[in-house]
Amino acid sequence: MILKDFQRDAVDNVSMMIRNRLTEHSNNKLAPAPQIVFKSPTGSGKTIMAGEILRTLADYFDDHNYAFVWAAPNKLHEQSRKKISKLLADTEYTFMDVEAVPAGALLKNTVLFSNWEKVFRKKGDEWANTAVRRGEDGKNLQDILDATRDAGIGIILIVDESHQTFYGKNSQEFVN
């Protein structure tokens, strides 16, 4: 895919910011995890640009261990998975849906797609969704992310349409 000039500029700028922030964070583990907000108008190709950012960073990630969680509202995560997996079919990234994730750690270069509302919903003090609620089988997102970190693999969260749900109390509790 050939990007338009504004898309290429955005991909280059965001890729550079990610590399810089990850380097700063790896040098100071006590610092809060960096957040980068990528805004672009509807129809500008944000998903395509995000895929190109992952492609651009593939060389950087060869020397670092990262897995990704791509969270989006409603069924947008399914659309994103289809588009991103097609765009990056020639890369070392592995794509999976949260419902199909095996127990244990995510492997390096895994991109796990999830419906964000399912992740952050609670009933009282307990997480409401079985994908998040801790169980005996170890196949819930909390245990998988803990195992991933224990395996020395960093996790990068990509929140699509973050303005809709990401800044709510439950979302922030889950992320932290």
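Q: What makes threonine 110 count as buried or exposed in this predicted model?
A: In this predicted model, threonine 110 has a relative accessible area of 3%. Since buried means under 20%, threonine 110 is therefore classed as buried. The residue lies in strand E3, which covers residues 110–115, and, leaving aside its neighbours within four places in sequence, threonine 110 is in contact with Tyr66, Ala67, Phe68, Thr94 and Met96.

Q: Why is the link between aspartate 12 and arginine 8 called a salt bridge?
A: The closest N and O atoms of aspartate 12 and arginine 8 are 3.4 Å apart, and because the rule asks for a side-chain nitrogen within 4 Å of a carboxyl oxygen, the pair qualifies. Both residues lie in helix H1 (residues 5–27), four residues apart, which is about one turn of the helix. In an α-helix there are 3.6 residues a turn, so residues three or four places apart point the same way.

Q: How do you know whether aspartate 12 and arginine 8 are buried, partly exposed or exposed?
A: Aspartate 12 has a relative accessible area of 36%, and arginine 8 has one of 32%. Partly exposed covers the range between the 20% limit for buried and the 50% limit for exposed, so aspartate 12 is partly exposed and arginine 8 is partly exposed as well.

Q: What makes arginine 8 and glutamate 52 a salt bridge, and which parts of the chain does the pair link?
A: Their side chains meet at 3.8 Å, N to O, and this value is within the 4 Å cut-off. The pair links distant parts of the chain, with arginine 8 in helix H1 and glutamate 52 in helix H2 (residues 46–62), 44 residues apart. Glutamate 52 has a relative accessibility of 8% and therefore counts as buried.

Q: Why is the pair of glutamate 52 and arginine 55 also called a salt bridge?
A: The closest N and O atoms of glutamate 52 and arginine 55 are 3.4 Å apart, which again is within 4 Å. The two residues are three residues apart in helix H2 and are thus separated by about one helical turn. At 28% relative accessibility, arginine 55 counts as partly exposed. A search of the whole structure finds five salt bridges, and a network of salt bridges links Arg8, Asp12, Glu52, Arg55 and Asp90.

Q: How do you know where the buried residues of helix H5 lie around its axis?
A: Helix H5 (residues 141–150) has Leu141, Gln142, Ile144, Leu145 and Thr148 as its buried residues. They cover an arc of only 165 degrees around the axis, and this puts them on the same side of H5. Just after H5, glycine 152 takes a positive phi of about 85 degrees.

Q: What makes alanine 72 buried or exposed?
A: Alanine 72, in strand E1 (residues 66–72), has a relative accessible area of 0%, and since the limit for buried is under 20%, alanine 72 is buried. Leaving aside its neighbours within four places in sequence, alanine 72 is in contact with His77, Ser114, Asn115, Trp116, Glu117 and Asp160.

Q: How many aromatic pairs are there, and why is that of phenylalanine 68 and tyrosine 93 called edge-to-face?
A: The count comes to three aromatic pairs. Phenylalanine 68 lies in strand E1 and tyrosine 93 in the loop between helix H3 (76–87) and strand E2 (94–97), so the pair ties together parts that are 25 residues apart in sequence. Phenylalanine 68 is buried, at a relative accessible area of 1%, and tyrosine 93 is buried, at 8%.

Q: What makes the pair of tryptophan 70 and phenylalanine 113 tilted?
A: The ring centres of tryptophan 70 and phenylalanine 113 are 5.4 Å apart and their planes are at 35 degrees. Stacked requires under 30 degrees and edge-to-face over 60, so the pair is tilted. The pair links tryptophan 70 in strand E1 with phenylalanine 113 in strand E3, 43 residues apart.

Terms used: Residues numbered from 1 in each chain as written. Predicted model: local features only at pLDDT ≥ 70, side-chain atom pairs only at ≥ 80, totals over all residues. Heavy atoms only, no water. Buried < 20%, exposed > 50% of the residue type's maximum accessible area, 1.4 Å probe, protein only. Contact = heavy atoms within 4.5 Å. Arc of directions from axis to C-beta. Phe/Tyr/Trp six-rings, centres within 6.5 Å; stacked < 30°, edge-to-face > 60°.
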